[in-house]
Amino acid sequence: MTEYLAAMFGFSLAFTMGIELAVALLFGLRSRRELCLVLLVNALTNPPAVLCCLLFSFYLPDVPAFAVQCAAEAAAVAAEAYIYNGFSVRHPALLSVCANFAAWFFGIVFS
């Protein structure tokens, strides 16, 4: 079980970082500092979101998974936008919404 969880969390984080870095590049983020910020922000927000979805599926299976995913993504978007704003990233909320939607969408497509 431990190996499964490590692989799941690791793959989810790596996949999300790749997609969100691509979106950040499309938004014009190019410096090492900005791209490292994207990676660090995702390292902070992705594991709690994935854990939340996992725990809800185990302990509250009657709650629709889509609703839990939406709530977890909304929290991640808010946290990321807040952090990006503190580092003077242009259009922090739009970047966060687009990056998280892209990661969620491609995660659904490729799963």
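Leaving aside neighbours within four places in sequence, S12 is in contact with N46 and V50, where contact means heavy atoms within 4.5 Å. The model is predicted: local features need pLDDT of at least 70, side-chain atom pairs count only at pLDDT 80 or more, and totals for chains, interfaces and linings use all residues. Residues are numbered from 1 along each chain as its sequence is written, and side-chain values use heavy atoms, with hydrogens and water left out.

S12 lies in helix α1, which covers residues 2-26. Helices are DSSP runs (H or I, at least four residues), as strands are (E, at least two), and they are numbered from the N terminus. With a relative accessible area of 16%, S12 is buried; that word stands for under 20% relative accessible area, exposed for over 50% and partly exposed for what lies in between (1.4 Å probe, protein chains only). The side chain of S12 also makes a polar contact, at 3.4 Å, with the side chain of N46. A polar contact is a pair of N or O atoms within 3.5 Å; within protein, one must be able to donate a hydrogen and the other to accept it, and residues adjacent in sequence count only if both atoms are side-chain atoms.

The packing of the helices comes next. Two packed helices are described by the angle between their axes and the distance between the axes. Axes here are lines fitted to C-alpha atoms, for helices over the stretch in contact, and angles run from 0 to 180 degrees between N-to-C directions.

Helix α2 (residues 32-59) and helix α3 (residues 65-86) have axes that come within 9 Å and cross at roughly 160 degrees. α2 is therefore roughly antiparallel to α3; angles under 35 degrees count as roughly parallel, over 145 as roughly antiparallel, 65 to 115 as roughly perpendicular and the rest as oblique. The crossing of α2 past α3 is right-handed, a term used if the near helix is turned clockwise from the far one by less than a right angle, while anticlockwise gives a left-handed crossing. Residues of α2 in this contact include L37, V41, L44 and F56, and those of α3 include V68, A72, I83 and Y84. By class, the contact has 14 nonpolar, three polar and one charged residues. Ala, Val, Leu, Ile, Met, Phe, Trp, Tyr, Cys and Pro count as nonpolar, Asp, Glu, Lys and Arg as charged, and the others, Gly among them, as polar.

Between α3 and α4 (92-109) runs a loop that holds S88. Most residues other than glycine have a negative phi, and most peptide bonds are trans. S88, although not a glycine, has a positive phi of about 60 degrees. Its relative accessibility of 63% makes S88 exposed. H91 is found in the loop between α3 and α4 as well, and its phi is near 55 degrees, a positive value in a residue other than glycine. H91 is partly exposed, with a relative accessible area of 48%.

A81, found in helix α3, is buried at a relative accessible area of 14%. Not counting residues up to four places away in sequence, A81 touches P92, A93 and S96. S96 has its place in helix α4 and counts as buried, at 0% relative accessibility.

The contact includes F15, I19 and V23 of α1 and L95, A99 and F106 of α4. Its residues divide into ten nonpolar, three polar and one charged.

N100 in helix α4 is buried, with a relative accessible area of 6%. N100 and E20 are 80 residues apart in sequence, yet 7.0 Å apart in space, C-alpha to C-alpha. Not counting residues up to four places away in sequence, N100 touches E20, E73, A76, V77 and E80.
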